[in-house]
Amino acid sequence: MDLCTTPGISIEVAGVSKSFRVDGRVEQALREVSLQAGAGQFVTLIGPSGCGKSTLFNIVCGLMQPDAGEVRLDGRPERQRTGRLAYMPQKDLLLPWRNVLDNVILGPEIAGRPRSEARKEALALLSLFGLAGYERSYPAALSGGMKQRAAFLRAVLQARPAILLDEPFGALDALTRAGLQEWLLEVWARFGQTILFITHDVEEAVFLSDRIYVLTPRPGRVALALDVDLPRPRTRALATSAAFVRHKEQVLAALEQSLSAGLAGNLATDEHR
Ligand code: ADP
Ligand code: MG
């Protein structure tokens, strides 16, 4: 598949619920979550720790089945979704014993494509990912930002019509993070896949997204769906505009409101066995 022409697909999560059994108790992680990402859109989930964001990603990419509800890709419910979407998990680790080049071609290699062909494709993208000259370096020699770019390149090289990014910038300092946000938008504009993104950072969510879903504390429910109608390409200057600040305030208000409501309801909803 040609990376540069991979078209995005729409993703629809419809009424998804999921519970886990923990120490003999049943804990609901997600309750009737519905959300939509149009083809090629950048859609972000934001919500407190433990509200089920990573669980939702596991369900969307097909690693986990929901207890109720379904996921539709381009309008079609598909139970067997593994391999359809690229996924960069929250704790995405590069393999320490493989150099950068061999780490980023993991997807194509596992899919059975010839290594030499995958390496060629990866090498052509290394400079866009700020990794030129580091192809033979091992992960231990990379900065935090470089590791995240390598992990992202690995997801991009899976050449899927959508990418799920679970808090990719969570562990980075503010400056590195700001730089990577702008860079991510450039890369996305070039590849055009649908992106589902998880963050804790309200400013990051508004800066990046076409749409933001605010989730309540566990069990995660949608507290707010907000379309971000700010112009693109986005630049830092936008962050001080009245429209940007207004979006930020809306997200913050929904987070605060759901936090107080959610904490009260949390214990009451767990089924004790
Ligand atoms: P978030 O990513 O929003 O921080 P998670 O999706 O990781 O939240 O977790 C949501 C809830 O589900 C948490 O209470 C977590 O402990 C629980 N959970 C997640 N995965 C499992 C699992 N495989 N088994 C049991 N509980 C789980
Ligand atoms: Mg998580």
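User: Is Cys-51 buried or exposed, and what is its relative accessible area?

Analyst: The model is predicted, and the accessibility was computed from it. A residue counts as buried when its relative accessible area is under 20%. Cys-51 falls in that class, so the term is buried, with a relative accessible area of 0%.

User: How many disulfides does the structure hold?

Analyst: A disulfide requires two cysteine sulfur atoms within 2.5 Å. The cysteine sulfur closest to that of Cys-51 belongs to Cys-61, and because the distance is 17 Å, the two are too far apart for a bond. Cys-61 is buried as well, with a relative accessible area of 5%. The number of disulfides is zero.

User: Which helix gives the most to the shell around ligand 1?

Analyst: The residues around ligand 1 include Lys-53, Ser-54 and Thr-55. Strand E1 (11–22) and helix H1 (53–60) each supply at least two residues of this shell. With three residues, the element that gives the most is H1.

User: How do the residues of the shell around ligand 1 divide into nonpolar, polar and charged?

Analyst: Among the residues around ligand 1 are Phe-20, Val-22, Gly-50, Gly-52, Lys-53 and Arg-218. Phe and Val count as nonpolar, Gly as polar, and Lys and Arg as charged. The shell divides into five nonpolar, five polar and two charged residues.

User: What is the distance from an oxygen atom of ligand 1 to a polar side-chain atom of Thr-55?

Analyst: A polar contact is a pair of N or O atoms within 3.5 Å. An oxygen atom of ligand 1 lies 2.7 Å from a polar backbone atom of Gly-50, and one lies 2.9 Å from an N or O atom in the side chain of Ser-54. For the polar side-chain atom of Thr-55, the distance to an oxygen atom of ligand 1 is 2.5 Å.

User: Which residues coordinate the magnesium ion (ligand 2)?

Analyst: The coordinating atoms are OG of one residue and OE1 of another, at 2.1 to 2.3 Å from the magnesium ion. The residues are Ser-54 and Gln-90.

User: How many residues apart in sequence are the parts that Ser-54 and Gln-90 tie together?

Analyst: Ser-54 is partly exposed, with a relative accessible area of 23%, and Gln-90 is partly exposed at 36%. Ser-54 lies in helix H1, whereas Gln-90 lies in the loop between strand E6 (86–88) and helix H2 (100–104), so the parts tied together are 36 residues apart.

User: What is the phi of Asp-23?

Analyst: Asp-23 lies in the loop between E1 and strand E2 (25–37), and it is exposed, with a relative accessible area of 72%. Its phi is positive, in a residue other than glycine, with a value near 50°.

Methods. Residues are numbered from 1 along each chain as its sequence is written. Chains are lettered from A and ligands numbered from 1 in the order in which they are written. This is a predicted model: local features need pLDDT of at least 70, side-chain atom pairs count only at pLDDT 80 or more; totals for chains, interfaces and linings use all residues. Side-chain values use heavy atoms; hydrogens and water are left out. Buried means under 20% relative accessible area, exposed over 50%, partly exposed in between (1.4 Å probe, protein chains only). A residue is near a molecule or strand if one of its heavy atoms lies within 4 Å of it. A polar contact is a pair of N or O atoms within 3.5 Å; within protein, one must be able to donate a hydrogen and the other to accept it, and residues adjacent in sequence count only if both atoms are side-chain atoms. Helices (H or I, at least four residues) and strands (E, at least two) are DSSP runs, numbered from the N terminus. Donors are N, O and S atoms within 2.8 Å of the metal (3.2 Å for Na, K and Ca); water is not among the atoms, so sites may look incomplete.
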